Amino acid sequence: MRMMLKQWFLVASIAGSYPAKAETTGLWDTNVNYERTFQCPEAEMISPESAEEVQIIVGRALVSGRKVMAGTKNFNSQIDAACAGNHQIQITTERLNRILMIDEKKQVAKVQSGVRLHELNRALHEKGLAINMVAEGGFFSIGGMLGSGTHGSTLTQGASLSDYLINVTMVDGRGSIRTIEGQELEAVKVNLGVLGVVVDATLRVEPLKKVKATIEKGKDDEVAAVMKRLAENHYSANVAWFPGLQEYTATLYDFVPNDTPGKGENNQAELPDWMIKAFKTAYQFSVQPNRPIAECALAQFRKTLRSKSYFYDNGKWQKNPVGWSDQMQYFKCNKNGTCPWDILPMVIQGYAIAMDQLPEWVADVKKIIDQHSTFLNRVCFPLNGIYFRFGEASDAWIAPSYGRTSVFIDLEYFMNTRGMTDDGEVVEVPALPKNFHVLQEIEQLTLQKYHARPHWGKNQAAAFYGVGQGHYEKWQDFIAYKNKVDPLNTFSNPWWQRILDKESPQIYRFPSCARDGNCICETDSDCGGDLSCVSGKVWKKARICQKI
Ligand SMILES: Cc1cc2nc3c(=O)[nH]c(=O)nc-3n(C[C@H](O)[C@H](O)[C@H](O)COP(=O)(O)OP(=O)(O)OC[C@H]3O[C@@H](n4cnc5c(N)ncnc54)[C@H](O)[C@@H]3O)c2cc1C
């Protein structure tokens, strides 16, 4: 009873200070992700322009007891991290789109949270400044990057936008507009949208730098040591390891004097539509039963493309391009606006492990691949191999690289996905990836043996079950801070509730739940079709869906 009264007084004291009425705006709509494979529940979708407008929206939510979540329109995170719950309030940030200040002398910029990274860099570029190596997609919003801890790859400076944060303006769960800086900022640097709405951010920026990109490729005998060497000896390195082919290819960036000629650009996603469509046809052929070699042939094709360099300068392909670091770091899609995932929707799983775990992890993965491979059916990863990037320890409490030099590992594949192009054409990849069970064993090994921290903006639902204190030393501090700034838990959504709820692995168990990453299978029914739920071959604790 005392608790209830306390709660009532809290609600009355916060919500009661709002003159705003609890009516809805009637703007019911649904937000969908970048490749239209995930649709948020219907919500009241509002796009404010200022902190004051956000404050009114939050005030209305407090009065009516509804939940709020901020996200980008056509968000780039994989599932529902940026979605408001059913009939709650969805703030989208496309009108928080102003660059408020660039101070060349102090090398500081202040931007609203809906500004995209490439828009900010374009404005900075004109003043000889940039933010470098914090993502491979320029289309992410500043708010989304801080929300999910988006990272690029470098050990020589911050690898994540959060590392450049000086302060933020946030509307919190009390409806207050607050400037957050100093030690408190460590809670907010990576915030999952559950602390409040970030309205603007002040960021440290740096002078423009020119870089040269080179490609290194080789056999994978010592691939863990190779990765460490590359990460430690270059300004930036990313490595695509194709274990089925026993090879790797790496893209390396190093500084060159700023007067070196060259305006190189990263064109890795600027592939002609016909090529993506042909790849899709070949992919769908390769996942059919009794098609030996096909998957590895595709992996060979992708590895060859990657190892030939994916940079252009002035419309011409360049083997060792030179360009401005901000332009070289992230890719663009086709001139007609089509991105590869519009034609071939994909799943991106991403995890961070400590750098010193890498040799053992690689050895385990090699064993898994060998155990599941036969002479004619080696396990290959046809999209980008297994993809690695690197970052120094972050002080953001729930950054995947918190407290340790980290390796970011991505597994990308196509899985039962159904999306839609801008013209409304439905695109489907109906099959499971070939060797889905091997991907499952690697993912579970990574999460269970290495206590990997899943990327907050990637991954299917099951990757997040149980993430908390066991992964992050500062988890309880983060929760305590949330309770302080959002005492009524206004900033919450089903994605966040699934992370907190210990029962989630059982609640989200339904026929075929393992096929789209909602569960780890316990019974054959969780796998569905003709797949059985069996133990992993190397990581025995894993439960994987395999055709016996
Ligand atoms: C093709 C592709 C490439 C990718 N490459 C990378 C990469 O190189 N590096 C990487 O780390 N990730 C990458 N990702 C993963 C991910 O999409 C990004 O990390 C990023 O979070 C997406 O940005 P967004 O603006 O779409 O954010 P959203 O998906 O809209 O939001 C991400 C999180 O931030 C919160 N949020 C958004 N805006 C606000 C706000 N104003 N206030 C409070 N919270 C907010 C949301 O609630 C959500 O929790 C990639 C994804 C795709 C599809």
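This is a predicted model: local features need pLDDT of at least 70, side-chain atom pairs count only at pLDDT 80 or more; totals for chains, interfaces and linings use all residues.
Trainee: At what angle do helix α6 and helix α11 pack, and how far apart are their axes?

Mentor: Start with the terms. Helices (H or I, at least four residues) and strands (E, at least two) are DSSP runs, numbered from the N terminus. Axes are lines fitted to C-alpha atoms, for helices over the stretch in contact, and angles run from 0 to 180 degrees between N-to-C directions. Here α6 (residues 223-233) and α11 (residues 358-372) pack at about 145°, with axes 8 Å apart.

Trainee: Which residues of α6 and α11 meet?

Mentor: Contact means heavy atoms within 4.5 Å. V223, A224 and M227 of α6 meet L358, P359 and V362 of α11. By class, that contact has 6 nonpolar, no polar and no charged residues.

Trainee: How many helices and strands does the protein have?

Mentor: The count is 16 helices and 26 strands.

Trainee: What share of the residues is buried?

Mentor: Buried means under 20% relative accessible area (1.4 Å probe, protein chains only). Of the 548 residues, 60% count as buried.

Trainee: What does the C-alpha trace span along its principal axes?

Mentor: The trace spans about 70 × 60 × 45 Å.

Trainee: What share of contacts links residues 24 or more positions apart?

Mentor: Among contacts with a separation of 6 or more, such pairs account for 69%.

Technical notes. Residues are numbered from 1 along each chain as its sequence is written. Side-chain values use heavy atoms; hydrogens and water are left out. Ala, Val, Leu, Ile, Met, Phe, Trp, Tyr, Cys and Pro count as nonpolar, Asp, Glu, Lys and Arg as charged, and the others, Gly among them, as polar. Buried means under 20% relative accessible area, exposed over 50%, partly exposed in between (1.4 Å probe, protein chains only).
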